[in-house]
Each structure stands twice: as structure tokens, then as C-alpha cells.
Amino acid sequence: MKKNKPKYKQIIDAAVIAIAENGYHQAQVSKIAKQAGVADGTIYLYFKNKEDILISVFQEKMSVFVDNLREIINDSNSASEMLYRMIEGHFKVLSNDHHLAVVTQLELRQSNKELRLKINSILKGYLKLLDEILQKGIEDGEFQENIDIRLTRQVIFGTIDEVSTTWVMKEQKYDLVEMAPRVHQILQKGIQKG
């Protein structure tokens with residue numbers, strides 16, 4: 001499997017930097033190869049084309065968000081705590097990797113429809129975990145029992161995503177993680193049981 005090959009992670013990490021600094025359309029495979037310190041041909045041993053690199057970047061990096069969220073779900077007592085830690089964790093991952101933040105919040109948005117569909121299918125695992133949090137909140141009587149889980153998930157993820165994008169657009173001039181309590185408070189108020 002290509003993921004176990006020694007240069008795979010090196011190329012993925014280099015692609016994040018090259019795409020963040022040059023933009024997806026200007027980040028030629030040769031720039032990614034140079035950033036990774038490998039020959040252009042080496043890239044093609046791992047990836048079919050630049051699109052394949054972008055999808056793999058998203059897959060690899062999304063797994064960080066998913067693994068973090070799984071851990072949060074296992075280590076938290078209440079759905080409200082899970083939701084707070086999810087928001088904070090999401091912001092922390094982006095705060096700790098500015099190149100990744102640019103790629104996920106800006107560069108992935110400019111891709112074609114086919115690419116976006118592939119990206120959305122990768123995102124599903126993360127959103128399924130958010131559904132679990134909402135379900136637990138309903139079952140435990142923390143959240144309103146009549147909330148529309150699908151719509152609530154879209155509102156929560158959409159809010160986290162928009163706050164992250166605004167932070168990137170403002171050139172990351174303020175602390176994104178500090179926004180977590182306020183974002184949580186706004187979202188929590190909308191779903192908590194009365």
C-alpha cells in the first residue's frame with residue numbers, strides 16, 4: 001500500500017506547503033516534488049496526478065480530525081463537553097498548521113465539482129461522529145429531543161467551518177482557539193433542552 005512507502009508522508013506534507021503558498025492551480029507537481037526533496041517522477045509512483053495528491057492530502061489530514069474526535073467522544077462525560085472539545089480540537093488542528101488551514105479553508109473550495117464530491121465523501125466520517133454526539137445529547141436529555149440531526153449537523157459544522165475560513169482570510173491575526181468557548185456557547189444555546 002502506498003501509504004506505507006517511505007516518501008508518501010513527505011510528499012503529502014510538501015503538497016500542503018506548496019498548495020498553501022502557490023495556490024492549487026499554480027502548485028505544479030514539480031513544485032511539490034521540489035518541496036518534498038524528491039524527483040518529479042517519484043511523485044507519480046505514489047499519485048496519479050495533482051488531483052489525486054489533493055484528495056490524498058485531505059484524506060490524510062481529515063483522519064487527524066476524525067481520530068481526535070473519536071478520542072474526545074471516548075474521553076468525555078457529556079454531549080455538551082464533546083461538542084465543546086470538538087470545536088476546540090478543530091480550531092487547534094488548524095491553528096497548529098497554518099499551511100493546512102489555507103489548504104482546507106481556501107484551496108479545497110476552488111476545486112471542480114467532481115473533486116468536491118470526493119472531498120465530501122471523506123468528510124462524511126467526521127460528520128457521522130458529530131451525529132453521534134447529537135444523538136447522545138438527545139438520549140441523555142441534554143439536547144432537545146425534536147432537533148433535526150441533519151440540519152443541526154450542517155449548522156454546527158458550517159459555523160465551525162465559516163469561523164475557520166474568516167480566520168484564514170484575516171491572515172490568522174488572532175487566536176482561533178480562543179473563539180471556541182463563544183462558538184460553543186452560541187451553538188449550545190440553540191440545541192440545549194430548555
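Threonine 152 touches Leu134, Ile147 and Ile191, leaving aside residues up to four places away in sequence. The structure described here is a predicted model. Threonine 152 belongs to helix α8, a helix that also contributes at least two residues to the lining of the largest pocket.

**Threonine 152**
- The relative accessibility of threonine 152 is 11%, so the residue counts as buried, the cut-off for that class being under 20%.
- Helix α8, in which threonine 152 lies, spans residues 149-169.

**Contact of α5 with α6**
- Two packed helices are described by the angle between their axes and the distance between the axes.
- The axes of α5 and α6 cross at roughly 115 degrees and come within 5 Å.
- Because angles of 65 to 115 degrees fall in that class, α5 is roughly perpendicular to α6.
- From α5, the residues that take part are Val93, Leu94, Ser95 and Asn96; they meet His98, Leu100, Ala101, Thr104 and Gln105 of α6.
- By class, the residues of this contact are four nonpolar and five polar, with no charged residue.

**The largest pocket**
- The volume of the largest pocket is about 400 Å³.
- Its lining is made up of 19 residues, of which Arg109, Asn120, Leu123, Phe157 and Asp161 are the closest to the centre.
- At least two lining residues come from each of α4 (50-75), α5 (79-96), α6 (98-105), α7 (113-139) and α8 (149-169).
- Nine residues of the lining are nonpolar, six are polar and four are charged.

**The largest cavity**
- Rolling a probe the size of a water molecule over the atoms shows where empty space is left.
- One cavity of 30 Å³ or more is found when the whole structure is searched.
- The largest cavity has a volume of about 40 Å³.
- Phe65, Asn68, Leu69, Ile72, Met86, Gly89, His90, Val93 and Tyr126 line the largest cavity.
- Helices α4 and α5 each provide at least two residues of this lining.
- Six residues of the cavity lining are nonpolar and three are polar, while none is charged.
- Val93 is part of the cavity lining and is also one of the α5 residues that meet α6.

Methods
Residues numbered from 1 in each chain as written. Predicted model: local features only at pLDDT ≥ 70, side-chain atom pairs only at ≥ 80, totals over all residues. Heavy atoms only, no water. 1 Å grid on protein atoms, 1.4 Å probe; cavity = no way out; pocket = protein on both sides within 12 Å on 5 of 7 lines; lining within 4 Å. Points joined across faces, edges and corners; volume = space filled by probe spheres on them. Helix = DSSP H or I, 4+ residues; strand = E, 2+ residues; numbered from the N terminus. Nonpolar A, V, L, I, M, F, W, Y, C, P; charged D, E, K, R; others polar. Axes fitted to C-alpha atoms, helices over the stretch in contact; angles between N-to-C directions. Parallel < 35°, antiparallel > 145°, perpendicular 65-115°, else oblique. Contact = heavy atoms within 4.5 Å. Buried < 20%, exposed > 50% of the residue type's maximum accessible area, 1.4 Å probe, protein only.
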